[in-house]
Amino acid sequence: MAYTAMSGYGTTPGDDPLQTAVWRLRSRACWADAAALLPADTPGTALQRAALLVERCLYTERGWEAAEDALRTAEARAQTDDERGAAACERGQLAYASTLHGVRDRADEARSALGRAAALIAPGSAGRALLDFRRGLLAENLSSSPQAARAAYRRAHAGATTHSAPLLLSFTWRHLAGLSLREGELAEARHGFAESLRIREELGYLVGTAPALASLADTETEPEASRLREEARRLFRLLGGVPTWLAEQLNPPAPGAATA
């Protein structure tokens, strides 16, 4: 979560107790419960509520209407360019998730919203790093432009390092590693996936740990690959099948099985 009016994000000692509670729920795939702890009457908390519910859509493929409602509230509460830019960034992420999961093609809306965010969020800010990462997602997954994605991820990685944003770093490591794996750079991919997993385990980001384990498994040999996948399956089941898109990776169809 890149924006909050409260102290810290709940991941380190001394953070605001409310943020700590929100983080614990978020990291265990309880986004609605986390959002319910936050009031919607200030720009910062309204935006954080929206971001939590947008993230739920990406991981669970449900809750779209609640995310839209929360996002409209955050957009209405925003008062500064930074707040308006942050809301536009979340709008772009929701449209991206909808397109990615085949709910509705909102690719043009996603690009427009992230472009609007780029015009509002100051270069070099923590919010800019998140924006760069999300622009990389669009380039990689909606525009099929791995070179543009890599450049965006690298900018996001540098920004996350500068602003000490470890969770975002776990995402940039993971996606840069994915591009390396696609290009056959196995050692570089293994290093990136391992760094992503390390950070998520240190933060206690349980909902993101299974995907990290599964990705690292793709770069390992047996028996380590099977051990990592089995641990990913255990966490996936523990969280009730979240993230939904991991199911196919962990349980591929049997050879010769019919596919839809």
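Cys57 counts as buried, because its relative accessibility is 0%. The model that shows this is predicted. It holds zero disulfides. Its largest nonpolar core has 57 residues.

**Cysteines**

- Cys57 is in no disulfide. The nearest cysteine sulfur belongs to Cys89, and it is 15 Å away.
- A disulfide needs the pair to be within 2.5 Å.
- Is Cys89 buried or exposed? Cys89 is buried, because its relative accessible area is 0%. The cut-off for buried is under 20%.

**Nonpolar cores**

- Which residues touch the most other members of the largest nonpolar core? They are Tyr59 and Val207.
- Helix 3, residues 43–60, gives the most to this core. Its share is nine residues.
- A second, separate core has 16 residues. Among them are Leu197, Ala212, Leu216 and Ala232.

**Around Val207**

- Residues up to four places away in sequence are left out of this list of contacts.
- Val207 touches Arg26, Ser27, Ala29 and Trp31, among others.
- Tyr59 is also one of the residues that Val207 touches.
- Val207 touches Leu239, Val242 and Pro243 as well.

**Cis peptide bonds**

- The peptide bond from Glu222 to Pro223 is cis, and its omega is near 5 degrees.
- Where does Pro223 lie? Pro223 is in the loop between helix 11 (209–217) and helix 12 (224–238).
- The bond from Val242 to Pro243 is cis too. Here omega is near 0 degrees.
- Pro243 sits in the loop between helix 12 and helix 13 (247–250). Both Val242 and Pro243 are touched by Val207.

- Ala29 has a phi near 70 degrees. That value is positive, and Ala29 is not a glycine.
- The loop between helix 1 (17–27) and helix 2 (31–36) holds Ala29. Ala29 is one of the residues in contact with Val207.
- Ser144 is not a glycine either, yet its phi is positive, at about 50 degrees.
- Ser144 is found in the loop between helix 7 (126–141) and helix 8 (146–162).
- Is Ser144 buried or exposed? Ser144 counts as exposed, because its relative accessibility is 61%. The cut-off for exposed is over 50%.

Definitions and conventions. Residues numbered from 1 in each chain as written. Predicted model: local features only at pLDDT ≥ 70, side-chain atom pairs only at ≥ 80, totals over all residues. Heavy atoms only, no water. Buried < 20%, exposed > 50% of the residue type's maximum accessible area, 1.4 Å probe, protein only. Core = buried A, V, L, I, M, F, W, Y, C linked by side-chain atoms within 4.5 Å. Helix = DSSP H or I, 4+ residues; strand = E, 2+ residues; numbered from the N terminus. Contact = heavy atoms within 4.5 Å.
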